[in-house]
Amino acid sequence: MVTRRPYLDHTPVALAHRGGSLYAPNIGFENTMTAFGNAVALGYTHLETDVHVTHDGMLVAFHDTRLDRVSNARGLIRDLPWSQVSYAVVGDGEHVPLLTDVLDAWPDINVNIDLKAPGTALPLWQLIEERGLHDQVCVGSFSQRNISQFRRLSQNRVATAAAEVGTALARFGPRWLTALLRTPADVFQVPPTVPLRGRSVKVVTRGLVDAAHRHGKQVHVWTIDEADEMHRLLDLGVDGLVSDRIDVLRDVLVERGSWTGRP
C-alpha cells in the first residue's frame, strides 16, 4: 500500500531552489532568510535547501560544503563551530541560517532537504521528531549512505527522494533489476538530462514518468529556469519542478492554471 504523504498532496509541486537564487531580489542572497522570505512572499509553500552540520553539531541551511564562495568567511562548515559560522556574512548583511531559523520564521512551510554531508541524518531526524515535522519535509541525498541512514532512522514516517542509484535503476536498468531493487523513495528527483559517454542522455521521458506513476512515485525535475522547458516537462506529466527562477515558474504555473502555492 502506498503511504499518503501530505507534503506531496498538491501537484505540480513548485520548489524554490535555495530560495530561488536567480530571482532578481535574491541575487547574492541564495539560501538566506532573505531568499526564503522572498519565495514565501511569492506564494511558495515548498522551499529547497541543503543541510550541513557544524563541528559542534548545529544543523545549518546552506548549499556548499565551504563558506568561501558566497560569504566573507573561509573554511569547511564541518570543521567550524556554530559561533564562527554564524558570523559569516552573505551578500549585504545576511548570515548563514540554522535550519531551525527557517522553520521558526515559517512554521507551516514545507522543506525539501538534501543531506549534503555525512553526519546530517541523525540531527535532522531528531529535529523532525522534536517538532513533529513528519508531513512537512521530503529528504533526499546524492549520497546513498546518507539517505539510507535517514531511512533507517525514520522508518518510513517521512517522504524521501531517491538517490542517484535508485533513479538510474529506474531509468536505465533492465526491468527485472529495476523491480528487484525498487527504491523505497516516494520521489525521483532528477535532472532532465545527464552526460553519458560524451553525449547528453535524457533522463526525464514519458516512460520514466509513467513508470514512476505506476509504482506510486512522483517525478520532480531540477533545476529548471526556462519557461519553455517548464512547459515541456509539465506536458510530460512531471509532478514537480525545482527552480532558481521562481518568478518564471510561478508565472508558468499560473498561466496553465496549475499554481499550487498561495495566491
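Mentor: A polar contact is a pair of N or O atoms within 3.5 Å; within protein, one must be able to donate a hydrogen and the other to accept it, and residues adjacent in sequence count only if both atoms are side-chain atoms. Here the side chains of Asp64 and Arg69 are joined by such a contact, of 2.7 Å. This is a predicted model, in which local features need pLDDT of at least 70 and side-chain atom pairs count only at pLDDT 80 or more, while totals for chains, interfaces and linings use all residues. Residues are numbered from 1 along each chain as its sequence is written, and side-chain values use heavy atoms, with hydrogens and water left out.

Trainee: Is Asp64 buried or exposed, and which residues does Asp64 touch?

Mentor: Buried means under 20% relative accessible area, exposed over 50%, and partly exposed in between, with a 1.4 Å probe and protein chains only. Asp64 has a relative accessibility of 13%, so it counts as buried. For touching, the criterion is heavy atoms within 4.5 Å; not counting residues up to four places away in sequence, Asp64 touches His52, Arg69 and Ile77. Asp64 lies in the loop between β3 (59-61) and α2 (82-85), where helices (H or I, at least four residues) and strands (E, at least two) are DSSP runs numbered from the N terminus.

Trainee: Where is Val70 found, and what is Val70 in contact with?

Mentor: Val70 is also in the loop between β3 and α2, and its relative accessible area of 16% makes it buried. Leaving aside neighbours within four places in sequence, Val70 contacts Glu30, Phe62, Val89, Val90 and Gly91. The pair Val70 and Glu30 is separated by 40 residues in sequence, yet by 8.2 Å in space, C-alpha to C-alpha.

Trainee: How should I read a nonpolar core, and which residues of the largest one touch the most other members?

Mentor: A nonpolar core is a set of buried Ala, Val, Leu, Ile, Met, Phe, Trp, Tyr and Cys residues joined through side-chain atoms within 4.5 Å. The largest has 56 residues, of which Tyr44, Leu124, Phe150, Val238 and Leu241 touch the most other members. A second, separate core of 13 residues includes Val70, Ala73, Leu80 and Ala88.

Trainee: Which buried residues does helix α1 have, and why do they line one face?

Mentor: Helix α1 (residues 33-41) has Ala35, Phe36, Ala39 and Val40 as its buried residues. Seen down the helix axis, these fall within an arc of 135 degrees, so they line one face of α1; the arc is that of the directions from the helix axis to the C-beta atoms. They pack against β1 (13-17), β2 (46-53), α3 (99-105) and α10 (246-255).

Trainee: How many bridges pair β12 with strand β9, and what unit do β12, helix α9 and β13 make?

Mentor: Two strands pair if DSSP finds at least two bridges between them. Strand β9 (residues 187-190) and β12 pair in the parallel sense over 4 bridges, with His220 in β12 as the bridge partner of Gln189. A crossover is right-handed if, with the strands pointing away from the viewer, the path from the first strand over the helix to the second runs clockwise. By that rule β12, helix α9 (residues 227-236) and β13 make a right-handed β-α-β unit.
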